[in-house]
Amino acid sequence: MRHSKEAGMTLIVKTVTRLTVGLILLYGIYIIFNGHLSPGGGFAGGVIMALSFINIMLAFGKEAALKKFNLSSAQLLASAGALIFLLLAMIGFIDGHFFSNFFFKNKLPFDLLSEGNIPIYEVAISLIVGGGLFAIFVALVIEHKADKHSD
Amino acid sequence: MNIIPLFVIIPLAAAFLISFAGRFAKRIPDILGNSACFALLFLSIYMANALYKIPGHILVYKVGGWIPPIGISMVVDSLTAFMLVTVNLVAFMIAVFSIEYMTKYTDKWKFYTLFMLMIAGINGVTITGDLFNLFVFLEIASISSYALVAFGTESEEMEASFKYAVMGSVASSFILLGIAFLYSWTSTLNMADMASVLAEKGYTRTLPFVSVLFLMGFGLKAALVPFHGWLPDAHPSAPAPISAMLSGVLIKVLGVYALSRIFYNVLGMDSRILSILIFLGALSMLVGVFLAIGQWDLKRLLAYHSISQIGYVILGIGLGTPLGIFGGLFHLFNHSIFKSLLFLNSGAIDYSIGTRNLQEMGGLRARMPVTAATNLIASMSIAGIPPFNGFFSKLIIILACVQAHHAGYAFIAVIGSILTLASFMKVQRYAFFGVLNKKWEAAKEVPVGMLASMIVLGLVCIVAGLFALPPFSAFLTNAANVLVNGKDYAALVWGAVK
Amino acid sequence: MTAYLLCLVLFSIGLYCILRKRNLIKIIIGIGIVEYAVNLFFILVGYRTGGRSPIFARDQVITNMVDPLPQALVLTSIVIGLAVTALLVAIAIRIYEKYGTFDITKINKLKG
């Protein structure tokens, strides 16, 4: 029985979330940076990074999550990721073709920095997907003040 | 050669820049959007001009430097150049119109972002040479259009957008299923490579199944008759520039262009598919025009007429003869021009007096002379009165029907034309002629930006009849030849890849 | 062969759900099922008998791999499906605010 109305879920969930949210974010970053060596890449890593913020929102309530990362900064991050992606694709024009892959070509394969500018593409994609997914989630749970009835 | 990817880069860059910086400054969305559309129009006319001087009239661009079929290729031939000019001309006019019109809605930067994304998707469908790339750009354009139909967030717009989105994603799933079947049979996704593999391997039972899947999927995007249920709800509910874009450009590129490219160039046309297309085209003509006569909502009437005119285009393309395809493509160009002009006129009326119901309007010619004049030009074009452009394209389609021994379909086309004339005489009488309704004494003409785009489209209506004559008809004849000699597509593309 | 037939059965179940259910949310779930079925079919097309996952490793020589191209294409298709589902859910929430119900037989202001 609760005596006062608190935002979010019970104490057990809040404690576990405080311990594990940083690890989830780190795991997402690991998947992004190893996207060209093992399964994963920008899409999956971006979704996991967004999920860590959504986890904070579910466990602690809306206001706590929105203080860390609000709607307009999520939209700005997604647009910035898209601009970086397009800029990288256009840099390929220097080598002659759109989307050409020409940095770092002389390193060894299976290294972290090996496949040209593909890791930078993965980072840009993760910004777009992560920022976009979080922005969608926040936009769906924000209540419209004009249509709210009593209470 | 390097300007081919610019057709996709420019609208994408404009969309991302507007979404990044558009909410901070009032004028940035307008300036970026309109300059991007003007740049696209200039590039498409330049590309159509440069294509004449190249032997074979075809250009292939390898994305990333990878040789097709390992990489994605972008192919520009005469049909592509024709579609690019049509799309970008109409898009620029609509972008100029929406500078003033969209001040009635909030968040203009969101509108311009979605609009630029839709143009990027439409241009991408036109220039791509790879089947899955076509599917990705088709989805980009479709999802932007679902969001744009719901832009005003009133209750009717939400209902129309939901219906359109559900039917559109079912159609996209059918298209993806067809692509999966084709990939499993030919193990390649490049259109030219698939054409040569299919020509070698011969007939198999997979091909009619895939043809029906594509007919269902692209037929829904083109609003052919059994699949037209979403159009009368979606097109009136969108804001007026978006209705013009959807009716004038989107259903043509995503539906008619993709259908003819895949059926004529990749799969190889056979006579059963041609007879299905002719039958569905004739059915669309009749159903559209019979349902349009009883409408009192101006935009809903125009939406039903879109169904009918697309029936003419599919009838022309389905005939398979050079004259028929010429007539079909010419009518596609004409319909883009006059249908978008009609929707922009209805938007101007809505901007001035705030209603779309024909029974409430009356005698607007006294207060809005330019709108009335351009509406008269567009109505005479769509009804097929000489010397406007609609007359020439309908005449060529009717002659092509008679020449191909389908005299019954020619008769149906004539009946459709007469009924179109009847319903547009009704629009003219109720909206513009007659006594000025007392409520609209204070109505004024719309601002200059909106007038400019309507006047330019009206001028193109008057002048475009010249395309049927020899010096200018080469533009259309080259485009029609790409479809008539559909089997040479693979050889031409391999010849142009360096 | 049975795997392909079961994929098409899943597609038909999703299509039935879109056509016959009256609740907006069930229609959205039906669209999700249809997309899953098409993606699954596309991946199954790329299977080679006895193949292993198409990822190179540092010191091994791999001879028999399944086809990697459908896997890359399905990644794109899943993200497209995510975008469509997000848009449909947002529209459904707004419809509930305007009409007060999720029942499609009562949401019929556009007629004629």
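What percentage of the 498 residues in chain B is buried? Buried residues make up 62% of them. A residue is buried if 20 or more other C-beta atoms lie within 10 Å of its own, exposed if 12 or fewer, and partly exposed in between, with C-beta atoms placed from the backbone.

This is a predicted model, in which local features need pLDDT of at least 70, side-chain atom pairs count only at pLDDT 80 or more, and totals for chains, interfaces and linings use all residues. Residues are numbered from 1 along each chain as its sequence is written, while chains are lettered from A and ligands numbered from 1 in the order in which they are written.

**View 1. Chain B as a whole.** Chain B holds 19 helices and 2 strands. These are DSSP runs, numbered from the N terminus: helices are H or I with at least four residues, strands E with at least two. The radius of gyration of chain B is 22 Å, close to the 23 Å of the globule rule for 498 residues, so chain B is as compact as a globular protein of that length. The radius is taken over C-alpha atoms, and the rule is 2.2 Å times the number of residues to the power 0.38. Along the principal axes, the C-alpha atoms fill a box of roughly 70 × 60 × 45 Å. Of the contacts in chain B between residues at least 6 apart in sequence, 80% join residues at least 24 apart. Two residues are in contact if their C-beta atoms, placed from the backbone, lie within 7 Å.

**View 2. The largest nonpolar core.** This core has 254 residues. A nonpolar core is a set of buried Ala, Val, Leu, Ile, Met, Phe, Trp, Tyr and Cys residues joined through C-beta atoms within 7 Å. B:Ala91, B:Met116 and B:Leu329 have the most contacts inside the core. Helix H10 (residues 240-267) of chain B gives the most to it, with 18 residues. Leaving out residues up to four places away in sequence, B:Met116 touches B:Pro11, B:Ala14, B:Ala15, B:Ile18, B:Gly33 and B:Ala36.

**View 3. Helix H13 of chain B.** The helix covers residues 322-353, and its 32 residues should span 46 Å at 1.5 Å a residue. The expected span is 1.5 Å times one less than the number of residues. The end C-alpha atoms of H13(B) are 47 Å apart, which agrees. In H13(B), 26 of the 32 residues are buried. Just after H13(B), B:Gly354 takes a positive phi of about 80°.

**View 4. Where chain C meets chain B.** Each of the two chains, C and B, gives 26 residues to the contact. Helices H2 (24-45) and H3 (69-99) of chain C each supply at least two residues of the chain C side. H3(C) has the largest share of that side, 14 residues.

**View 5. Helix H4 of chain A.** Chain A has 5 helices and 0 strands. The end C-alpha atoms of helix H4 (residues 71-91) are 31 Å apart, in agreement with the 30 Å that its 21 residues should span. Its buried residues include A:Ala74, A:Ala78, A:Leu83 and A:Phe85. They pack against helix H5 (118-141) of chain A together with helix H1 (6-21) of chain B.

**View 6. Confidence along chain A.** The mean pLDDT of chain A is 79, and 74% of its residues reach 70 or more. pLDDT is the predictor's confidence in each residue, from 0 to 100. Over residues 145-151 of chain A, pLDDT stays under 50. Where pLDDT is low, the predicted coordinates should not be read in detail.
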